[in-house]
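The structure comes first, and my notes follow.

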Amino acid sequence: MSIADNLLKIHQRIDQALIKAARIDRPQLIAVSKTKPVELIAEALHAGQFAFGENYLQDALTKIKYFKDKKEGEKIEWHFIGALQSNKTRALAEHFDWVHTLDRVKIARRLSEQRPHHLPPLKVCIQVNLSAETTKSGIRPQECLTLAQQVVDLPGLSLQGLMAIPEKLTVFDQQLTQFLKLKTLRDELEQAGLSLPALSMGMSADLEAAVCAGATLLRIGTDIFGARS
Ligand SMILES: *Cc1c(COP(=O)(O)O)cnc(C)c1O
């Protein structure tokens with residue numbers, strides 16, 4: 001199967017999930033290209049895929065630089081979906097369009113200060129930890145409102161919504177229950193006056209449940225580029 005075939009299959013899965021959920025607004029597909037070479041990204045680009053997700057900063061910067069001088073690279077939107085550290089914020093602020101994994105105000109302030117003025121504000125999602133026992137990254141739901149209110153005031157950032165990586169479950173209804181927790185939290189925060197249109201959730205194994213729960217950004221790696229070694 002080619003990358004183009006894989007992308008077509010993903011879009012068909014999204015279509016079917018939208019029908020099942022009686023939803024008409026289409027989520028954006030982010031092709032997660034971490035650890036994959038530029039040749040495969042170029043193949044996806046030629047098939048009409050322009051948003052890419054990366055987790056590892058050095059690996060990502062090499063790819064971003066490669067496409068910077070290429071005509072086809074102009075349209076690429078780069079999404080950072082990996083773990084954040086203070087010493088990475090400058091490169092992220094300078095080279096990415098989105099950061100999905102914000103969970104601390106200190107990092108938010110650095111990203112805002114370091115965002116170059118000639119670029120639009122960096123789009124960010126706050127990462128929420130839906131299962132405190134099993135994972136460490138992400139903020140606890142009850143702390144989300146405070147962080148969101150702090151992020152909204154930062155001029156270099158544009159708060160878009162929430163992101164989660166739920167624990168791996170195989171049963172659709174259990175996946176759905178997890179994703180609905182994020183959607184419910186988003187709805188509560190909007191009741192408190194925030195605008196959070198983005199819900200970044202859904203990977204290769206749980207795309208359908210995420211679409212059903214209202215995902216607006218799907219992060220799909222394996223089912224586009226193949227398994228990672
Ligand atoms: C790797 C990764 C993905 C893609 O996962 P697949 O199962 O390969 O589709 C999505 N989101 C995050 C945060 C990731 O680290």
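I found an N or O atom in the side chain of Asn 55 at 2.7 Å from an oxygen atom of the ligand. For Ser 204, I noted a polar side-chain atom 2.5 Å from a ligand oxygen atom. At Gly 221, a polar backbone atom is 2.8 Å from an oxygen atom of the ligand. I then looked up the cover: of the 390 Å² of accessible area that the ligand has on its own, the protein covers 90% (Shrake-Rupley method, 1.4 Å probe).

I noted that this is a predicted model, in which local features need pLDDT of at least 70 and side-chain atom pairs count only at pLDDT 80 or more, while totals for chains, interfaces and linings use all residues. Residues are numbered from 1 along each chain as its sequence is written, and side-chain values use heavy atoms, with hydrogens and water left out.

Next I listed the shell, where a residue is near if one of its heavy atoms lies within 4 Å of the molecule. Of 13 residues around the ligand, Lys 34, Asn 55, Ser 204, Gly 221 and Thr 222 come nearest. By class, I recorded 6 nonpolar, 4 polar and 3 charged residues in this shell (Ala, Val, Leu, Ile, Met, Phe, Trp, Tyr, Cys and Pro are nonpolar; Asp, Glu, Lys and Arg are charged; the others, Gly among them, are polar).

Where does the ligand sit? I found it in the largest pocket (more than half of its atoms lie within 2 Å of the pocket's grid points). A pocket here is an open set of points on a 1 Å grid over the protein atoms alone, where a 1.4 Å probe fits, with protein on both sides within 12 Å along at least five of seven lines; lining residues have an atom within 4 Å of a point.

I recorded a volume of about 660 Å³ for the largest pocket, volume being the space filled by probe spheres set on the points. Its lining has 32 residues, and Lys 34, Ile 165, Lys 168, Met 203 and Arg 219 are the closest to its centre. I noted 13 nonpolar, 11 polar and 8 charged residues in that lining.

Methods. Polar contact = N/O pair within 3.5 Å; in protein donor to acceptor, adjacent residues only side chain to side chain.
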